[in-house]
Amino acid sequence: MWSASGGWITSCKEPLVDPESLEGGVFQVWKEMQQIVQTSPDCLSQAYARVRDSGDPEAMLEFVRDSIYLIPAHASSLRGMNTSMRFGTRGVLRDGFATPREKAELLHQLLKDAGIQSEVIYERTDFDEQNVKSLFFRPKDEQILEEIDDALLDRWMKMLQLSESDLEEISYINAQEKEAEKLAEKLWQILPDKEAIRYHDFDFRWDNSRCPAVRFQWEGQTRIAHLFDPQVPFGSPYEPASSVKLAESASYILEPITFRLSYRDNIYPEEEKSLLMKTYRPEDVVGRQIHLGFYHGLDLMEQASTSFSQVRVFTPVMSTEGPDLTEEIKNELAALGQTITLEAQRIDVDPEQKVIRVNEFPIGWGEGSSRPQEVTEMKLRITAGLPSLVKLEIWPVDSQGKEVKGLIASDFSFSENGQIISPLMEANEIAPKVLILYDTSLSMPLEYRKEGMEEFLEILEATLRQEYPKASVTSWATDSNLYTWLRKASQTSFDLILFATDGDNKEDLQEGDLETFAAAPPVIVLDVFNSQRASSQEVFKNLSISSGGKIINAENQALARQEIIQLLALLELPPYVFTFYGSLQQESNTVQVSLDTSRVSVEESYEFRVKPESKTTGPKVVGIYLTVQIGSQNIDRVLAGWDPTLENPDEISKVHSDAVRNLLFGSVVIGVEGQGPTYATALNELLDFRLRNQSWIEASKNESLEAATDEIEKLNWTYDPIMLHLLAPLPDAVSEDSLTFASGIRMVIVKRTTGIGSEFSEDSVDILPSGNFITLSDHAEESFKINLKKTGHLAIVEHAFFEESTYSLLSQSNLVSAEAASKEPWFEEQLRNGPHGTFIREYWSRSGGTFKIFGKELDSLAYWQIDKKTGELLGILPDLTGGGKRKIYTRYDDLNKVLQNYTRTLKKNPGRSVTIWAAHLILLKLYAIAAHAIKTMDTTNLEADVLRALQMDACDAARFIHGGMTGRPQKIMGGLANLIRLMDRKSDDFPCT
């Protein structure tokens, strides 16, 4: 059923099966568990459906009034309470918190869905400040779920073939908030100048003249539903003698969320370039997960035969995932970003003109033609200098020996060592690509500086295009570290490299430089002074080693251009150029190029001229960045690679480009919530996700591989269970004397990076500073301290799930505030001469509106950040993210082997990475299979090596469940505790250690 809130509201009317039946296994148990969870009053969408179906308006009013907590729309007052909504009724039914207007809208929707005519109105009330506080400080005292019948538990145990000893005990994180209280008290004692704190203030004045209410028709009479004071009789307004009026239209007051993904390269690192941007309304993404994946363009068979080192083209894709989303809505909420290569080449597709542009160079494409049939022979030349870029130059000719023009990329087929590869076409006609590096030092003549250089480049490109219409000239401005720049240029596929310099060089040759330079495309030095100095001549000789020492006297630019054209004419330029990353698994590799269904083919072998992989980097993407903008707040994150705030450009290295690559093979998931889903809602959602995977899991068990593939294709929901814990509601957020609530939008980033070539991959979590938690109570100082404790719970959760967290890094430290440290000599010395001076200056000394607390020993740069007005606590890691990290043992030393095995068994890459919704590209991170299904399914039909990989994921998810979903006492959980214990199992086949 489609609800007026814009989301699906489901109801459960299917009865449980025969209580004596033991058929169905784990999926039947989960199905029955879900039915029981849906009976919880805490599962608000199901409670909504039940009260709607009752047709009783009094029960509907009681549901909205008593089951939904009241929160203000704004952080500081009740202004706009008559119209303001935060996430709308869908958000209310998820987390159980509503603004005054949202309560009215929810009841109006409920009555309307039940077929009862209604409308939102304003009524008059007479609430003073104490009355208003009593509306907010109104806790609910009930179990989430009644205790489960022992007979049913016994039956489930038999169905799962379990005994009591197989079950793990639930561990409650921050039980009774003791750990958070201890942390908060410790930090409170360290805070400086408490008497000077200007505590957050809240204006409790209620708009008594425009209090939201609902007018409805019932039993032939017009009734008024007052939503706040339970003493007001059903059907009567707060003041029976006062008049009511039709309410104004409701409005959402939260600012839109804009995500910007960008990158930097190592040629112009100061320039941040856009990859993707998408803006969402908060009400559209609350309770959902935004998945940022990097689509690599490989089909299933190509994935099965391609190693990490050979993939170089990626397209960022942002999709919104939720169980209630149709494909049409998902399309509206999706965004496709800029395609780039790891070398920072931008690839654009113009479908109307049927042109692909690689760094603005146009390449025609189409659906195929008869041109390949004209080819009778091909010539292939392979250039493989430094690992791992390989350049393929192809000359196809017809029976008359004439070049066959107009071939497109799809006409060609390629393989390396017998495995299919997909090189990138960089040219489909003769079009020389020239790179010119020019020294920008002040010792250069004016003709080669600024406007003079620009004019030289323009004339050079125009002259080239007279002979070669599609010729292109790329320029890099260099400093006087000439060897550094040639190391970068040596790892490119240009046809010719020009280096305009006076020979003044600030660095010495490093070991292996001459071997690197010799493997570069031909380099010609433009000697701008016709220098005779021995030192300059030595530099020129080293720079031009790949061209046999070709140096042009470039004092006269016109003569220099003429000689460049003459030298270019001597090069044998191909009509078709492809590039790819070659295999590093063996010394010699064989490439085959075919046309016309292999009727014509050519084969050549190559070896990289420089055997060890160079530690230097050619043009590369060295940083990936995410900016989250909410109104005037910008949250900047370095997702991978170079940090321009803390690192200098001369520190950029292969480490940064490798970090980018590892991220692009990983995934980024952003969870968005209001106050956090109720416990029953979260568990219902998790069970729903698992049950949706039943068909394809059972098909794969039965070796029905095609059926399994078909069932996977039907899935339209990708889900990460860890969000249940990171975005769970705060424990006891509502008490008899306080209310703690997120006045902003709660967001968490879960990032998974692959550990290519290393022992570990890494999971990390970043709780963004967007929630803006506020506590309301009778006393401002008490509100600050309660807020400090409540938000401290999040730090305890991070510590429970991640081995590295602010809590763990600072647990043994001698803590000090930035204010106190600034008065001590050791801190001043660290600022002036310490290795972390830039970090301390940027993030600790400039405290702004927050206190910073860190360890005196500086063993770690993690720190606690506390809002100076509200007391909101954030734990900040040394990489400036607000969360935790944990290492995952890398299960794929050789991607080729792992994917071949995986394809052979399940016929599908996890996370559906070959579809446009490529959200999870971490290989073998099987969240698509509920972890516990793996552990209870019959595994005899799956190969042992794949099962060993899957086992890790089963145990990961088991950790999430057994960590417990709440810090509240077990008695509040009731039967929910037993459900969680039974949702997992241990076995000899899959021990979680």
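**Close-up 1. Strand S33 and the lining of the second largest cavity.** In this predicted model, strand S33 gives the most to the lining of the second largest cavity, with three residues; strands (E, at least two residues) and helices (H or I, at least four) are DSSP runs, numbered from the N terminus. The elements that give two or more residues to this lining are S33 (667–673), strand S11 (288–295) and helix H21 (723–726). A cavity is a set of points, on a 1 Å grid over the protein atoms alone, where a 1.4 Å probe fits but cannot get out, and lining residues have an atom within 4 Å of a point. Residues are numbered from 1 along each chain as its sequence is written. Local features of this predicted model need pLDDT of at least 70, and side-chain atom pairs count only at pLDDT 80 or more, whereas totals for chains, interfaces and linings use all residues.

**Close-up 2. The residues around the second largest cavity.** Of the 18 lining residues, Arg-94, Gly-287, Gln-289, Glu-673 and Glu-685 lie nearest the centre of the second largest cavity.

Close-up 3. Strand S15 (residues 346–350) and strand S16 (residues 355–358) run antiparallel and are joined by four bridges, where two strands pair if DSSP finds at least two bridges between them. Val-349 has Ile-356 in S16 as its bridge partner, and Lys-354 takes a positive phi near 55° in this hairpin, which has four residues between the strands.

**Close-up 4. The hairpin of S16 and S17.** Four bridges also join S16 to strand S17 (residues 361–364), and these strands run antiparallel. The bridge partner of Val-358 is Phe-361 in S17, while Asn-359, in a hairpin with two residues between the strands, takes a positive phi near 50°.

How values were computed. Side-chain values use heavy atoms; hydrogens and water are left out. On a 1 Å grid over the protein atoms alone, a cavity is a set of points where a 1.4 Å probe fits but cannot get out, and a pocket is an open set with protein on both sides within 12 Å along at least five of seven lines; lining residues have an atom within 4 Å of a point.
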